[in-house]
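Notebook open, ligand site first. I'll jot down what I looked up as I go.

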Amino acid sequence: MDDQLHLGEDENMLALRRAWDRSMHTLANRVNKPSFESWFKSMKPVSFDGERVTLGAPSPFACEWVSKRYGNLVREVLSQHLGKTVDVAIVYLPPEKRPVLGEPPAEEPSPAQREPATMPLEPEPPPFEKPALNPKYTFENFVVGNSNRLAQAGAVSVARAPGQSYNPLFIYGGAGLGKTHLMHAIGHYILQTHPRLRVAYLSGETFAQQYIAALREQRIDAFRQKYRNVDVWLVDDIQFIAGKEHTKEEFFHTFNSLYQLGRQVVFASDRPPRELHAMDDRLRSRFEAGLIADIAPPEFETRVAILQKRAQIEGIQVPDQVIYHIAYAVEGNVRTLEGVLISVAARASVHGKPITLQLASEVLARHYVDNRQVHTVPTEQAVLQAVCQRFGLTTQDILGDQRSREVLMARQIAMYLLREKAQLSLQQIGQMFGKNHSTVLHAYNRVKTSLSRDKELTSIIYDLNSVLGN
Ligand code: ADP
Ligand code: MG
């Protein structure tokens, strides 16, 4: 660090810069790493008149938060390194006004400019009721795949540095795809790393109901007070607000005041902002200024991982083939996916039986509609092409006599699909391949019985089914 007196800088300021450097080392050891990274690293010494130190923080939120939570600590540590007891004020310093390290401080904001954002070192904030969050909905329990990677990354980033990364974060996607899970995970993480932050979690519907009740009972001030004072505002299913005239107006104002204070806001919805037609345009454009992340239905691999994770959390032993079978049969909704697993496990436990493929098939057949019922019949050419493409082979490879493992597998899969999907007879398939019908039957049966037992095969068939329009 630069120990020289800078142009225009006085002894006090030099002393402060030195003391702040040392204080940073002390603070790094006194607070946990995420807090240090999120809050202290970005703070800068601004001025020192011999008695009072002013420090700058990059957002009003950081400023208020450090003052409240770490004000005494900062004062103590800085006093120690300055060799005298000082007062400390933490002010919001917009990034362009912050002195660049190693350079003379840029023109400082005048005290008058600074004043409105100055946060006195307050005593403890009043206790804030902790939100009711599902203890299982944590980041650890959330399986990441291509379908939800962006939403998960956004959520983690926001949880690590509330108010400092994406704001607002907007997560959207169909039912049962993990939106609520991620919202709760953000809440858990923040409450763990920053237990004093006021985290509110509610649904759009709750907001609407509470607002209407407050209006009716003339408690509107208390209602406003409640939500406009939170540090982190997590609102689930905000589509309920769209179209409700007054509620939507109140919602906008609440959002706006939190947003302007640099508080973290996270929304979840079943549709993207542009489709929240009845929502305020001002609100929609604000959403677009933050991060909008969608969650799509998980692909086969992710469904397998989700089921494995769930089995592990529940402490149940589930054979792989049962997992693959369920993952294969249920797409679209993770809640349903897990529901099948749990009900298979429950049934096995009630009857004192092991969890088997048979049991899983029964549960699926009895309780869950198979959405693969609508078959379109692909042509034999389409089947061959799809298989060739999947394996990177040519039609000649598959129809010929090559016997490498890869080609044998592709050939058997092609035979299976020609029968299953293209609905050709064993004879017809035999003719295509120049084989007799018992060879075809053997290949067909082999694939059929390995399905669900073999993850690689199940995954391949699943992909091919999707390509072939099913
Ligand atoms: P949404 O709010 O989008 O309707 P939820 O968050 O309620 O969906 O998720 C439904 C169920 O699926 C929950 O039990 C949740 O834990 C689980 N779930 C969804 N996505 C995942 C995932 N990626 N990893 C683990 N569990 C998941
Ligand atoms: Mg939900």
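For sorting residues by class, I count Ala, Val, Leu, Ile, Met, Phe, Trp, Tyr, Cys and Pro as nonpolar, Asp, Glu, Lys and Arg as charged, and the others, Gly among them, as polar. On that basis I get 7 nonpolar, 7 polar and 3 charged residues in the shell around ligand 1.

Ground rules: this is a predicted model, where local features need pLDDT of at least 70 and side-chain atom pairs count only at pLDDT 80 or more, while totals for chains, interfaces and linings use all residues. Residues are numbered from 1 along each chain as its sequence is written, chains are lettered from A and ligands numbered from 1 in the order written, and side-chain values use heavy atoms, without hydrogens and water.

**Shell.** I find 17 residues around ligand 1 (near: a heavy atom within 4 Å). Val143, Gly176, Lys179, Thr180 and His181 are the closest. Helices α6 (179-193) and α13 (334-350) each put in at least two shell residues (helices are DSSP runs of H or I, at least four residues; strands are E, at least two; both numbered from the N terminus).

**Polar contacts.** I looked for N or O pairs within 3.5 Å. Arginine 335 has a polar side-chain atom 2.9 Å from an oxygen of ligand 1. For asparagine 148, a side-chain N or O is 3.2 Å from a ligand 1 nitrogen. Tyrosine 137 places a polar side-chain atom 3.5 Å from a ligand 1 oxygen.

Which bond is cis? I see the one joining asparagine 167 and proline 168, with omega about -5 degrees. Proline 168 is in the loop between α5 (149-160) and β4 (169-173). Glutamine 218, in the loop between α7 (204-216) and α8 (220-228), has a positive phi near 50 degrees. I noted both because most residues other than glycine have a negative phi, and most peptide bonds are trans.

Terms used
A polar contact is a pair of N or O atoms within 3.5 Å; within protein, one must be able to donate a hydrogen and the other to accept it, and residues adjacent in sequence count only if both atoms are side-chain atoms.
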